[in-house]
Structure formats: C-alpha cells, structure tokens
Amino acid sequence: MNIDSEKASPIFIQIQDYIRRAVAAGVYKPGEAIPSLRAMAIKLKVNPNTVKRAYQELERAGLIKARKGVGMFVTPDGAAGAKRHAEGMVVDCFLDGIRIAHSAGIDPSRVRSLFEEASMRELPVAKEAI
Amino acid sequence: MTQVSEPMFAIETVGMTKRFGTCTAVDELDLRIPRGTVFGLIGPNGAGKSTTIRMLMGLSRPTCGVVKVLGEHVIDCPTTRKARIGYVPETPSVYRWMKVDEAVRFCRSFYDTWNDELCSRLKTLFELNGEKVVGSLSKGSLAKLGLLLAISPEPEVLILDEPTAGLDPLVREEFLDGVLAEICRRPQTVFLSSHTLGDVQRLADSVGILHEGRLLVSSSTDQLLASTKRLRAVLRDGASPALAPPGTIWQGSEHREWSLTVHGFSESTIEFLRRDGSVEHVEVLDLNLEEIFKDFIKGRRLSA
Amino acid sequence: MSALLWKDIRMNASVLVLTGALFALPYLAGFGWLVNESMARGTGPMDVRWSYDAVMRTGFLSLILSHIGMTILVGNALACERETGSEGFLAALPPTRARVLLSKTAVTAGTIILLWALSVFVLLVLAPTLPDAPAFIVPGVHDDPAVELSWVASVAALIFGVAWWLSSFVQKSSTAWVLALLSPLALVGLALLTRSVFSIGDLALDRMFLWSCVLLGLAGGSAGTVLFLRKSEF
C-alpha cells in the first residue's frame, strides 16, 4: 500500500486510515506491535515526523499505546475502535453519495433503492493489499 | 564553561532580497526553518527558488537582508559553516575529469565528520562504479553521486535544489529513498526545492510557495492542506458572483457555477457566501498540494 | 590543502608537461647537436664540449620558450574552474577562497620559481665555470647575463601579471594567455610612440619600459588576486 500524495487527504490522516484498516482486518492484533516510526516512514516513503503525528493521533484515539523503549502496541479495544472508525468512513461515503444525489435532484427513496441494488452486487475488486 | 546554546532555527532569513539591475529575483523573503524539520520550497520556473538557495549557500550575495544558517551569518565563517551543510544543486558540477573514487577522496579531505561506512553503503546502494570518470556518468548517476557527496559528511543541514529534475521515475525514487533514509537515520534539517509536488507533500513538514520572488504562503504542510479548500457554489437563477470571502486566492465562474479556492477556510466562509442569498448551495472539496499551488499561482497571475 | 594541490596539479597536468618539455627541448637539442659534432670530430659520442656561448644561448632559449608554457599555466590558473563549470562546486565546499587561491598560486609560482632557479643556476652559476667563459664581463664586448635576465624577468612580470588579472574574470583561459603573450608588443608600441612624441633617449626609454613592465605586472597580479578573493557570485 502506498501513500497517495495526489490525494487531497493530508498524509498523516492517510497513515492513520491505513493503520486503522490494518488493525480492523486483523493484520495487527491487540497486544501486537506496529512497525516502528522509522520503519513505517521508510515503508510508506514519508517524513518520519508525519508518521510521528499519525501515531500520536492514534494514541490519543486509543487505538495504540506506547510502551517506553519498546514501541507502539495495539490496545485491547484497538480492533473494536478500528471497526467503529471503518463504520464512520462508510457513513462518510454514504453522505458523499447523498450529496451527489441531492445536487443531481435524485429523491431519497430512489437513493435507498440504489443502495439496496449496490449492496447485492458481488465486489469485483480483490481485498486491498495491506 | 559557558554552554553555547544551539540556534533554534537552522535557516533564518529576514528581508532577504536579490536584485539584478531593475529585476527583483527575490523580494523581502522571511523564512524561519526550525532544526530537524523538512521544508519544501515550491514555485513556478523563474520564481526565485534557485536564487534563494544560492544565497543560503553563500554562492550569491543578497542585495539586502539578513541570511543566517545554523545561527551564523552566511557572509561570515565560511569554512566552519560550509562543513556542516550538504548541498545538491540541480546539476552537480563535480570535476568531470575525476573518477568517482577520486571525487569522493577529494571531498572527504575537507570534512572532519565524513562517515566512511555511510559513504561506502551509499556507493553500493546507488550502484556507483568508483573507477568511472564523472564526465561519463548518466544524469541519474551524477545526481546520486551529488547526493552521496552531500550526505557522507553527515551535515546538519541538507539543501537540495531541484535535485530530481529531469530524472526518470525510478532514479527519482532511489534518490528520494536515499534522502528519506538519511532523515530517518539521524535528525537533520532539509531544505528542498522541487517541482515534483507529490514528493514535497510526502517529505516536507512545512512548505513555502514562491512566486516572482515573493513568498505567497509559508505554513506546515498539514495546516495548508487542512485550511485551503475549493468551494463549488451553485448560483441562483439570474445571480452573479458576489464579493469573494476573505482568504480567497482564486476564483472562476462558468454558467451558474462559481468556484473559489479559499486559504484559511472555516464555517464562517460558507456563511459569508450565503449572506446575500445569491448562492443556492455550496460544496466543499479538499485539495492536494499541487492543486493548492496551482490556484495560488493562477490567482496571483489574474490579479497582476 | 593537499587535496587542493593535487586537484590543481591534475587540472594543469598537460600544461605542466608542455612547459617542462619546452624548457628541456633546447637542452636536448643542444646536447644532440654537440653529440653529433663530437662524432664528426671523431672523438666519440660522449666527448661533448659545452661552450660558454652554447650554454648561454641554450639557457636563454629554454627560459624564453618555457615562458609560453608558464603563461598558459598562469592564464589557466583561475579561469579553468570557470571554463569547466566547476567554480560553483568548489565554492560550495568548505575551503575558503584564500585557501583555493593559495593552492593555485603554489602550483603556478612553484613552477615559475623552479624553472627560473634552474635557468639562473645554469646561466649565472654553471656557465661562468666553463673553460671559455670570460673572466670579466666587459660592457659592449660581452652580453651581461644578469642584465639580460633582468629584461626577461621584467617582461615575464608583465605577461604573468596580465595573464593572472585576465584569468580572474574571463570565460576562456585561452583569452587570458593569448592576450598576455601579446601584451609586451602593446607596450613596445606604446614605448615607440612615446619616444617619437617626447623624444626620449634610448637608455631612459629602456628604463621606463622595464619599470612599466614590472609595475603593470604587479598591478595585474594584485588586481587579479583581489577580484578572485572578492568574487561573490558563482
């Protein structure tokens, strides 16, 4: 997975999203260490200060916790928190869709049926490599 | 013994100006770059980026203003200061007749802090042949040699002047990986000017946008991205764009769509737009660094 | 400092070799001619007899010829970095302008001093010991090598001073040394003009010419040094 510098989302937010998705998918389980600041910076090819900021935000959000001299570890509620965050991102996507529908003049009932149709579809895209 | 405190800013300029006859290449530039951070200077061709860097390196004397690097005025103490700065120009002008190993030995003799192990590691990583004459190196290898010579003395400040210009994407990535590995290895200040805004967005803690010698904005990268938004306002029938809200750096309208880019966006910006009733609804969009940069420059050109 | 010296010697290697060759050529040619003469006499190839006149002619020819190489060396000294585009590279490295200049001065002045020392040794120390050397230098009868050397030194001072000054700012080093080699002609022209306008006697004119060469040479050397040290745009 690469950080997309073309995306409008600030990189430290992209890093947080990346780690949250990884925790939600079970790549990093509660109690396990996530890559060090330096290792993550080199892996994602970004400034280590940006990674530091992302880690600080994630620590503030309770997803990870620092163990002095050892590293950053996923908290016991980490996975649950990550899942909640993912749900929040899904809602954001819904809201984007609703905005598009509103500006295109599509009424709410039609929006609901469009959602039903979309959720019945097979996802053609393979799980994003983390 | 009195402890000499380290200067807080690695690079500090106050009113730095450079004039060539009647042309002002750099106009009253104020920069404050804290130690251990990465600063990206971006701007269109001819904005004055290279002139700025040359003044920081002491390769060009400012017409007026103060220029300090590592707490010392650039005009004074050339040997001690230059030994703590690594510099990679757009095209490294290493002696073309020297072999790579000769160039390394030549530069090494001027630095007490030269790290042989690092130099050797970079030489292997960059696949540089020590016996090859510098004049016969490809553009990419020459750029990598320039970086090796700049990094091996373990400088406190690394100044890169469009170092990846004209390099193919693979070499560009190798070059930036080298810079990033060095940033991760030990704390240092990096001053980078580049046209590749994706690289700047990735690496820089803070950015400055230069246009016709003037600094339009200097801010942390995240802050700039967070506070600069594109607003797409749909106008009511018959309405025309009203007064643009404070902080508007660019605006354009077509049919009933009024697009604006606002720096320092907040909820009050939308209230301002809606206040005279001409706007039906407003969509707020995030922008990446390249889009923000373009809008700053376009807006400047339109107002000129 | 040794790295700077190595660099300056390497950059000027071909010119140093040329200068050495120009210096050695008259001696080798002279030696070859004398071997030939010795063989013609039937006394064997190694029974070479250097006459006082032969030594003087060879010594002066060698010194004058090698000035072409030395002038190229001086003209190249400061301009070569500009010509090869490495001026900015060197300016960004730790050594001060003064250090860089010292290295270049050491290489050029070192070569000039060495060749002059050898020539002075041959002409003023070795030659007088030859069997056919005059016991006393009689003015009007014998050429005084010291006087002739002072002429060569004065003109050399002019040429080197002009070359050094030009080298500090011209883009091509050939401009510096070509104009420098032509500078004595310009001064001779000026001298002839002065003589015809002011009706100055030959002895006075000679003295004026010599002093002008020395003073202009010193001025050129100083100006070139100052220009180089004070340069602030690379």
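The dialogue below goes through a structure and asks what lies behind the terms used for it.

Colleague: What should I know about the numbering and the kind of model before we start?

Modeller: This is a predicted model, in which local features need pLDDT of at least 70, side-chain atom pairs count only at pLDDT 80 or more, and totals for chains, interfaces and linings use all residues. Residues are numbered from 1 along each chain as its sequence is written, while chains are lettered from A and ligands numbered from 1 in the order in which they are written.

Colleague: How do you know what confidence the predictor has in chain C?

Modeller: The value to look at is pLDDT, the predictor's confidence in each residue, from 0 to 100. For chain C the mean pLDDT is 90, and 96% of the residues reach 70 or more. The model as such scores ipTM 0.87 and pTM 0.85.

Colleague: Why is Pro48(A) called buried?

Modeller: A residue is buried if 20 or more other C-beta atoms lie within 10 Å of its own, exposed if 12 or fewer, and partly exposed in between, with C-beta atoms placed from the backbone. Pro48(A) has 22 C-beta neighbours inside 10 Å, and therefore it counts as buried. Its place is in helix H3 (residues 48-60) of chain A, where helices (H or I, at least four residues) and strands (E, at least two) are DSSP runs, numbered from the N terminus.

Colleague: What makes a residue a contact of Pro48(A), and which residues are in contact with Pro48(A)?

Modeller: Two residues are in contact if their C-beta atoms, placed from the backbone, lie within 7 Å. Leaving aside neighbours within four places in sequence, Pro48(A) is in contact with Leu37(A), Arg38(A) and Ala41(A), and also with Ile183(B) and Cys184(B) of chain B.

Colleague: How many residues of chain B are in contact with chain A, and which elements of chain B are involved?

Modeller: On the side of chain B there are 20 residues in contact with 18 residues of chain A. Helix H6 (169-185), helix H7 (197-203), helix H8 (221-227) and strand E14 (279-286) of chain B each give two or more residues to that side, and H6(B) gives the most, with five residues. Of the two pairs of chains that touch, A and B have the most contacts, whereas no contact joins chain A and chain C, whose closest C-alpha atoms lie 27 Å apart.

Colleague: What makes strand E2 (23-34) and strand E5 (72-73) of chain B edge strands?

Modeller: Two strands pair if DSSP finds at least two bridges between them. The open sheet of four strands has the order E2-E1-E4-E5 (chain B), with antiparallel pairing, and E2(B) and E5(B) are the edge strands, as each pairs on one side only. Strand E4 (residues 64-69) of chain B is joined to E5(B) by two bridges, and Lys68(B) stands opposite His73(B) in E5(B).

Colleague: What is called a nonpolar core, and which residues of the largest core touch the most other members?

Modeller: A nonpolar core is a set of buried Ala, Val, Leu, Ile, Met, Phe, Trp, Tyr and Cys residues joined through C-beta atoms within 7 Å. The largest nonpolar core has 96 residues, of which Leu56(B), Ala103(B), Val157(B), Ile159(B), Phe191(B) and Leu192(B) touch the most other members. Helix H5 (residues 139-151) of chain B supplies the largest share, eight residues. Not counting residues up to four places away in sequence, Leu56(B) touches several residues, including Ile11(B), Val67(B) and Phe191(B).
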